[in-house]
Amino acid sequence: MKVADSQNSSEAIAGFLLAVKNCYLDKIPGAKDTDFLPQEITSRYNITITVPLQSPQAVSPG
């Protein structure tokens, strides 16, 4: 992240890190916005995303 901080194209880097954050939250079981990686990305690049809560879906037998 130190290299990313020193680059001039902050918009492209922020976009990439947003993708990293989204992937982390989506692919890591039990991942939360309060984990280190999402918090670090959010604090360094002022990126906020909301993960929509999924409502339980009824499953019909058979």
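The legends below describe close-up views of a predicted model.

**View 1. The protein chain folds as three helices and zero strands.** From the N terminus on, the elements run α-α-α. Helices are DSSP runs of H or I with at least four residues, strands are runs of E with at least two, and both are numbered from the N terminus. Buried residues make up 23% of the 62 residues in the chain. Buried means under 20% relative accessible area, exposed means over 50%, and partly exposed lies in between (1.4 Å probe, protein chains only). The accessible surface of the chain comes to about 5100 Å². Carbon and sulfur atoms hold 57% of that surface. Areas come from the Shrake-Rupley method with a 1.4 Å probe; for residues, only the protein chains shown count as cover. Among contacts with a separation of 6 or more, 46% join residues 24 or more positions apart. A contact means heavy atoms within 4.5 Å.

**View 2. Pro38 sits in helix α3.** This helix covers residues 36-45. Pro38 has a relative accessible area of 1%, so it counts as buried. Which residues does Pro38 contact, leaving aside its neighbours within four places in sequence? They are Lys21, Tyr24, Leu25, Lys32 and Asp33. The C-alpha atoms of Pro38 and Val20 are separated by 8.7 Å. Along the chain, Pro38 and Val20 are 18 residues apart.

**View 3. Lys21 and Asp33 form a salt bridge.** Their side chains meet at 3.9 Å, N to O. The pair links distant parts of the chain, 12 residues apart. Lys21 lies in helix α2 (residues 10-27), while Asp33 lies in the loop between α2 and α3. Lys21 is buried, with a relative accessible area of 1%. Asp33 is partly exposed, at 30% relative accessibility. Both Lys21 and Asp33 are also on the contact list of Pro38. A salt bridge places a side-chain nitrogen of Lys or Arg within 4 Å of a carboxyl oxygen of Asp or Glu. Side chains of opposite charge can pair when their charged atoms come close. A search of the whole structure finds four salt bridges.

**View 4. Asp35 pairs with Lys32 and with Tyr24.** Asp35 is found in the loop between α2 and α3. Is Asp35 buried or exposed? At 16% relative accessibility, Asp35 counts as buried. Its side chain meets that of Lys32 in a salt bridge of 4.0 Å, N to O. Lys32 is partly exposed, at 47% relative accessibility. A polar contact of 2.8 Å joins the side chains of Asp35 and Tyr24. A polar contact is a pair of N or O atoms within 3.5 Å; within protein, one must be able to donate a hydrogen and the other to accept it, and residues adjacent in sequence count only if both atoms are side-chain atoms. Beyond four places in sequence, Asp35 is in contact with Tyr24 and Gly30.

**View 5. Asp26 and Lys27 form a salt bridge.** The distance is 3.8 Å, N to O, between the two side chains. Asp26 is exposed, with a relative accessible area of 58%. Lys27 is exposed too, with a relative accessible area of 59%.

**Notes.** Residues are numbered from 1 along each chain as its sequence is written, and side-chain values use heavy atoms, with hydrogens and water left out. In this predicted model, local features need pLDDT of at least 70 and side-chain atom pairs count only at pLDDT 80 or more, while totals for chains, interfaces and linings use all residues.
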